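Good morning, and thank you for making time for this item.

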Amino acid sequence: MCRPFCVTFSFFFILILLSTPLQSTTLGETALSSGTGSTDDVRNHIQEQALHLLRDMSLQEKIAQLIVIRAQGNYYSEDADEFLHLSRMVNEYQVGGIIFFRGEIYNQAVLHNKLQRLSRIPLWISQDMEFGAAMRISGTTRFTPAMGIAATGNPHNAFEKGRITALEARAIGVHQIYAPVVDINNNPENPVINVRSFSEDPETVSMYAESFIKGVQSQGIVATAKHFPGHGDTDVDSHIGLPVVQHTRERLNQLELLPFRRVIDAGVGSVMSAHIAFPNITEGINRPATLEPGLMHGLLRDELGFDGLIVTDGLEMQGIASNYAPGEAAVLALNAGADVLLLSPDELTAIFQIKEAVQRGEISESRIDDSVLRILALKIDHGLMRNAEVNINRISRVVNTRANQLTADRIARESITVLRNNRDILPIRPDRFPKITVIAIAGGRTGNVGSEFRSELSKYHPDISFHLYDERTSEQELNEAIASARQANLIIVGSFLPLTTGRPITFNREQQRFVRRIQQLGRPKVVISFSSPYVVNEIPDADVHILSWTSLGSHSAATAAALFGASDVSGRLPISIPGLYVRGEGIEIPKTILRQDRPEAAGLSTEKLYEITRIMNRAVQDSVFPGGTVAVVRNGILAWNEGYGYHDYNKRRPVRSTDIYDIASLTKPVATTTAVMMLAEQGRLRLDQTVQSFIPGFRSGMKGDITIEHLLNHTSGLPAYRFYVDQFQSREAILQAVIIEPLLQPPGEGVIYSDLGFILLAEIVEQITEMPLDRFLNTQFFYPIGMTDTLFNPRRRGRWTLNRIPPTEVDRQWRNTIIRGDVHDERAHFMGGIAGHAGLFSTSGNLAIYGQFLLNNGSYGGREYVSDAIMRTFTSRDASRGGRALGFDLKSLNGFTTAGQLSSNDTFGHLGFTGTSLWVDPQRNLAVIILTNRTYPERGTSAGINQVRARVMDAVIEAITDVTD
């Protein structure tokens with residue numbers, strides 16, 4: 001009896017040395033750290049404890065230690081039937097372990113503690129966690145399925161998945177997880193393994209399984225390799241029947257057993273058996289491997305040398321239960337070599353019939369003792385004899401932390417696999433596909449499948465029509481989906497069919513008929529599988545095939561980002577899809593647009609960014625402005641985009657991050673300067689061209705020397721401001737007044753910040769392009785780049801848009817109304833709402849796109865609008881221009897600056913009179929946008945808003961976490 005125990009202990013002693021400080025100290029660690037004993041001393045001490053416990057146990061108590069029963073991690077009153085049953089099984093019959101199914105974090109932890117208190121020998125807690133702890137426990141971190149992990153091409157992702165899963169499992173009181181699946185998925189018809197397997201290739205399965213196991217066991221949790229000797233090449237689900245596989249022993253050696261050999265050699269702590277018959281190996285007997293001594297003991301124990309814990313798959317599954325009575329199955333499984341009997345359909349019958357079998361001599365008591373010693377050694381080694389309860393207060397420091405979720409998010413993005421991209425549909429651009437219809441095909445009747453995906457898509461496209469086809473969908477709803485698809489420029493079909501026992505993993509006949517109707521429309525189609533990768537065969541002629549592996553956790557966001565170019569796509573297919581793709585295929589697509597993500601993904605601290613909230617809320621309380629939005633862009637990520645306060649001081653309409661603000665003089669850089677840069681890039685305009693080339697009224701006197709560059713850097717000599725509207729109230733009259741305005745100084749002599757020069761620049765842009773400024777920008781820049789809520793005269797768009805616009809002033813002189821949806825600046829108003837100095841409206845999210853365009857030096861979405869050279873000319877501090885940029889302000893190097901004291905000297909941007917600002921710090925790859933309506937209800941002074949601008953900028957820079965000197 002000593003040999004199996006000693007080998008088992010040696011393995012788990014290695015786990016002790018690998019454990020992190022987050023785990024509770026084990027007996028071995030205590031002995032070594034205190035210097036009280038050697039490795040042999042610790043081993044002997046554990047062995048003595050286990051043998052001592054064993055000697056004091058009756059035969060029935062020993063048998064009960066092998067039994068693991070089901071529990072849900074729910075809340076139960078102490079007189080609930082479920083709790084009373086569990087209490088009886090633990091207290092009266094002293095079962096050895098609990099397998100938790102679905103539940104919630106704290107409910108499971110509390111129930112765990114209650115049951116541990118009832119148990120004389122601490123319970124061994126296990127749980128299925130193939131996809132992370134969230135596979136069973138809501139509120140924990142959910143990870144990409146195994147096949148998606150392999151698609152990333154990075155085995156370290158498997159390690160991290162295992163490590164974090166085990167970290168969270170341990171915090172909630174779980175000691176063993178039933179993962180990974182080391183089956184080779186070499187049968188596309190397999191209804192139960194599928195994405196649970198890493199690959200069809202044994203080496204890939206071996207490599208990723210080993211890495212996952214090392215991650216799990218680094219945290220002191222037992223990993224379980226399943227399903228021995230291999231469940232990959234079956235076409236029957238062992239939950240509902242007994243698969244019979246005709247493979248020979250030679251075939252198993254060449255394929256199915258390879259991953260098991262690898263993980264056993266690597267030290268996996270447990271192996272789970274498969275309810276599969278191998279008649280060519282077991283002399284023609286169709287007996288499940290779980291019950292076959294030649295496979296479990298002869299092959300697994302003796303030949304492969306595995307001396308860890310052997311666990312049966314659930315004995316309630318029909319692969320066993322349809323052919324064997326509960327007691328019979330339990331006796332056969334023990335005789336075959338199992339240590340732990342999982343989920344017997346009748347635990348008490350199993351216990352009693354095993355006892356009777358021992359008394360009859362069918363099973364030796366020493367055979368029972370071998371397994372009990374393994375279990376007791378694990379419990380002792382994991383410190384359960386000293387304290388088996390969960391520290392409830394520690395859970396929130398460990399489970400589903402921001403760091404854990406960031407890792408899961410990253411792995412999800414890296415797993416997305418594009419297999420086909422005909423016509424370069426990806427990345428999707430709204431200007432090319434202005435209307436998209438999305439159809440989610442699902443099972444069940446919940447009615448909410450795909451809703452998260454729909455929400456994520458809406459972050460990147462303004463016109464998404466979403467339709468769900470599940471078991472509750474009516475014929476009328478299907479016709480509405482077809483009608484929508486007929487009007488769309490692009491159709492996205494998402495398969496959300498779940499990998500669930502008893503359900504098909506491909507489209508049924510009705511779904512196939514519906515898909516044919518979609519195909520007949522002749523529209524470009526994107527097909528996304530959120531489950532089985534083989535489902536792409538249902539629409540083989542689609543223009544785009546994408547594998548997303550699951551719709552849960554981070555995958556809806558990751559898939560939407562991949563569709564629109566908001567993340568790199570690099571996944572590779574770990575299997576073959578017959579008739580379409582071979583293993584290793586995958587198309588790489590680079591990231592080209594902003595991604596909305598957590599601040600930490602951008603190297604920012606969420607906690608420190610909450611200083612923005614404090615600053616903005618205090619400003620609202622102090623009536624600096626009624627409300628506003630702040631967006632932060634860093635490293636290609638929109639890391640913060642929040643609304644504060646209200647539209648006005650009535651405080652009835654809260655500000656949302658999607659609200660549209662009059663951005664006032666931000667019109668100068670965002671609209672007019674951008675148009676000038678694009679025309680300069682196209683060779684249609686030069687900076688040294690004189691204004692008189694376009695406006696004849698500038699031919700006389702010093703005006704004849706004014707160039708485009710003079711207008712851009714405010715050195716034309718034109719006055720800073722002229723009201724005009726008390727005399728002129730038409731576009732033509734105001735423009736003529738600007739043209740005849742006398743200069744205050746010679747061109748190039750000094751800086752006078754002037755709106756008038758930008759009124760002229762807009763006129764020049766319109767002459768060159770032969771179209772109004774707004775139309776040129778809408779068609780050539782705003783819409784193609786994705787700034788679909790950036791526009792002049794937003795009131796014309798309708799009530800829905802108008803309701804998103806906070807007012808800017810109560811005008812009692814010229815318009816005698818509340819200004820909302822019309823430009824605040826009077827001159828721009830009388831010029832028809834479209835002018836070079838003011839008139840543009842936008843959202844913080846749209847201006848975040850613009851900020852990234854500036855950080856990219858003129859490119860966005862895979863398209864270059866302005867060359868790097870042009871962009872640097874306009875945004876750099878140039879001594880020959882008196883240290884000024886063109887069309888942009890630069891951070892003041894002396895005294896107070898609204899760009900903050902911590903920003904780099906290369907920071908550039910602009911302010912807007914209504915309380916808006918955009919600052920870009922290229923050294924930190926950072927852009928910060930503030931939009932407010934500080935002029936409501938009346939204009940007042942700018943002192944308060946300037947302090948807010950500076951403090952917000954400094955708060956963002958203080959939040960940067962990845963600074964390197």
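**Aromatic pairs**

Tyrosine 93 is buried, its relative accessible area being 13%; buried means under 20% relative accessible area, exposed over 50%, and partly exposed in between, with a 1.4 Å probe and protein chains only. Please bear in mind that this is a predicted model, in which local features need pLDDT of at least 70 and side-chain atom pairs count only at pLDDT 80 or more, whereas totals for chains, interfaces and linings use all residues. Residues are numbered from 1 along each chain as its sequence is written, and side-chain values use heavy atoms, with hydrogens and water left out.

Tyrosine 93 belongs to the loop between α5 (81-92) and β2 (97-104), and phenylalanine 352 to helix α15 (residues 347-360), so the pair ties together parts 259 residues apart in sequence. Helices (H or I, at least four residues) and strands (E, at least two) are DSSP runs, numbered from the N terminus. Phenylalanine 352 is partly exposed, with a relative accessible area of 34%.

Elsewhere, ring pairs link Phe781, Phe782, Tyr850, Phe853 and Tyr865 into a cluster.

Rings also meet charges. A charge sits over a ring if NZ of Lys or CZ of Arg is within 6 Å of the ring centre and within 35 degrees of the ring normal. The charged end of lysine 703 sits over the ring of phenylalanine 698, 4.9 Å from its centre; that of arginine 934 sits over the ring of phenylalanine 913, 4.6 Å from its centre.

**A buried asparagine**

Asparagine 190 is found in the loop between β5 (176-177) and α9 (202-217). Is asparagine 190 buried or exposed? Asparagine 190 is buried, with a relative accessible area of 1%. Its side chain reaches the backbone oxygen of histidine 231 at 2.9 Å; a polar contact is a pair of N or O atoms within 3.5 Å, where within protein one must be able to donate a hydrogen and the other to accept it, and residues adjacent in sequence count only if both atoms are side-chain atoms. Neighbours within four places in sequence aside, asparagine 190 is in contact (heavy atoms within 4.5 Å) with Asn185, His231, Gly232, Asp233, Thr234 and Ile505.

**Helices**

In helix α14 (residues 326-336), the buried residues are Gly327, Ala329, Ala330, Val331, Ala333, Leu334 and Ala336. They pack against α12 (293-303), α13 (318-321), β9 (341-342), α15 and α16 (365-381). Glycine 337, with a positive phi near 135 degrees, follows α14.

As for α16, 14 of its 17 residues are buried, so α16 is largely enclosed by the rest of the structure. Glycine 383, with a positive phi near 75 degrees, follows α16.

**A sheet**

To finish, consider an open sheet of three strands in the order β19-β23-β20, with antiparallel pairing; two strands pair if DSSP finds at least two bridges between them. The edge strands, β19 (661-662) and β20 (791-792), each pair on one side only. Tyrosine 661 stands opposite serine 842 in β23.

Conventions:
Phe/Tyr/Trp six-rings, centres within 6.5 Å; stacked < 30°, edge-to-face > 60°.
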